[in-house]
Amino acid sequence: QGMIEKTIGEIDEFGQGKPQILIERVEQRSRYAKRNASKFVISSHIMYSIPKEVPKNVPTASEMDRVYAKVSENHSVSQNIRNALILNWAELAGMRRSEIISLQTQQIPDWNTINHLKIEDAVFHMEIIGKGNKARFVPVSSELLESTRDYIEIERQEIVEKFDVSHRDIFVSHTTGAQLSADYITNLIGHTF
């Protein structure tokens, strides 16, 4: 309407904008409005996007305590140990659910290495394949490794023997012996927040 020029940007000595940003007045049709209903809006190829939902905050200590208590309801002792361990990997190692369920038994060091890390008060840098199939290193405490090694050798071993499990996934179903799905973790903790 003559109120703005066609470009936004610094004008150089030749009267050119740098960087030059094209602004257009475009017709926008609504999917929900009556037939042929539209409006004109100002648009540009660099328009910023507005997030569809507000990002969630990091859970507080009391919220995490509530989650640990909730996932321990209505399960056997061995399932409670497994579920608490899954939460430990998420909380203490900062791993995503798909990364947690893809953990393999051979990624967890032996007892000698764990004890050495404990004595040295050191962390273990575990390589995992994360989002976008990219490798990254996650620092893991000796206490978390110790809990996981215990689970592998006791609770998981019972499942392996019961269902003749051949895969090396750490977190297995206590009813079928199959690898847990990412949806299992979502259903496990999703309703607690």
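This is a predicted model: local features need pLDDT of at least 70, side-chain atom pairs count only at pLDDT 80 or more; totals for chains, interfaces and linings use all residues.

Residues are numbered from 1 along each chain as its sequence is written, and side-chain values use heavy atoms, leaving out hydrogens and water.

**Exercise 1.** Classify the aromatic pair of Y151 and F171 from its ring geometry.

*Solution.* Start with the rule: rings of Phe, Tyr and Trp (its six-membered ring) pair if their centres lie within 6.5 Å, and planes under 30 degrees apart count as stacked, over 60 as edge-to-face and the rest as tilted. Searching the whole structure gives one aromatic pair. The ring centres of Y151 and F171 are 6.0 Å apart and the planes make 25 degrees, so this pair is stacked. Helices here are DSSP runs (H or I, at least four residues), numbered from the N terminus. Finally, Y151 is buried at 1% relative accessibility.

**Exercise 2.** Which residues does I189 touch, not counting those up to four places away in sequence?

*Solution.* First locate I189 in helix α7. Then apply the contact rule, heavy atoms within 4.5 Å: I189 touches V67, V71 and L87. As a check on V67, its C-alpha atom is 6.7 Å from that of I189, although the two residues are 122 apart along the chain.

**Exercise 3.** How many salt bridges does the rule give, and where do the partners E146 and K118 lie?

*Solution.* Look for a side-chain nitrogen of Lys or Arg within 4 Å of a carboxyl oxygen of Asp or Glu; the count is six. In one of them, the closest N and O atoms of E146 and K118 are 2.9 Å apart. E146 belongs to helix α5 and K118 to helix α4 (residues 111-120), so the bridge ties together parts 28 residues apart in sequence. E146 is partly exposed at 22%, and K118 is partly exposed at 39%.

Another bridge joins D183 and R97 at 3.8 Å, N to O. D183 is in helix α7 and R97 in helix α3 (residues 97-101), 86 residues apart.

Terms used:
Buried means under 20% relative accessible area, exposed over 50%, partly exposed in between (1.4 Å probe, protein chains only). Helices (H or I, at least four residues) and strands (E, at least two) are DSSP runs, numbered from the N terminus.
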